[in-house]
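I opened my notebook to jot down what I looked up here. Come along for the entries.

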Amino acid sequence: DKRILTAPPHIHGSYMVFVDGIYYLVTANLYDGDVLVARYDQEWNYLGEKVIIPQAHFSTGLVYDGQRFYLAYTDTRQRTEPGFFPVSLNIHLAAFDRDWNLLEDVAVTNYAPQDGRQPGRPWVILHGNRLYVSYDLDTADPVTRVEHMQGQAYVSVYELIQGAP
């Protein structure tokens, strides 16, 4: 079966999970917008949305461990001048409760514009009690911000501690 989801608009890096009869679509509403979660029931009726990360996109990794949602995304808040471009990207891992309240937001990368690094396309998987966050990383000209197209894949590992918030 094919569905065209028109509410909310989502255009940049999305992922979906099904938990307790609800489809949760995490997406960015614009390339220079925010990451939000949209909810749909089992018949694909739109139930509403909530902005969960401002100034972010490419939320392509999402897992649920029975208590929390874990989301890997690209943070776009670090800008070198007013407006959206140029932007210095960083990868983050965020944890949310069942109501999509932010519990923790961890910087997986922490690059400044002058570092000449451009991370992207994050993903997260849960295996046992560990979260594996993968992303690619390319070098970029520090002045023009043009990537050298020699990306490499990286993985950061985070251990979940039982009973921790």
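I began at W100, which lies in the loop joining β7 (87–96) and β8 (102–107). Since this is a predicted model, I read its angles as computed values. For W100 I found a phi near 65 degrees, positive in a residue other than glycine.

Is W100 buried or exposed? I looked up its relative accessible area, and at 4% W100 is buried, because buried means under 20%.

Next I went to R121, which also is not a glycine and has a positive phi, about 45 degrees. I located R121 in strand β9, residues 117–127.

Then I turned to the whole fold. I counted 11 strands and zero helices in the protein chain, so the pattern along the sequence is β at each step: β-β-β-β-β-β-β-β-β-β-β. The radius of gyration is 16 Å, close to the 15 Å from the globule rule for 165 residues, so the protein chain is as compact as a globular protein of that length. I noted the box filled by the C-alpha atoms along the principal axes as well: roughly 50 × 40 × 30 Å.

How much of the protein chain counts as buried? I got 42% of the 165 residues. Among contacts with a separation of 6 or more, 41% come from residues 24 or more positions apart.

My last entry is on surface and charge. The accessible surface is about 8900 Å², with 51% of it belonging to carbon and sulfur atoms. I also looked up the 12 positive and 20 negative charges, and their mean positions are 2 Å apart.

Conventions
Residues are numbered from 1 along each chain as its sequence is written. This is a predicted model: local features need pLDDT of at least 70, side-chain atom pairs count only at pLDDT 80 or more; totals for chains, interfaces and linings use all residues. Side-chain values use heavy atoms; hydrogens and water are left out. Helices (H or I, at least four residues) and strands (E, at least two) are DSSP runs, numbered from the N terminus. The radius of gyration is taken over C-alpha atoms; the globule rule is 2.2 Å times the number of residues to the power 0.38. Buried means under 20% relative accessible area, exposed over 50%, partly exposed in between (1.4 Å probe, protein chains only). Contact means heavy atoms within 4.5 Å. Accessible areas come from the Shrake-Rupley method with a 1.4 Å probe; for residues, only the protein chains shown count as cover. Lys and Arg count as positive and Asp and Glu as negative; His and the chain ends are not counted. The place of a charge is taken as NZ of Lys, CZ of Arg, CG of Asp or CD of Glu.
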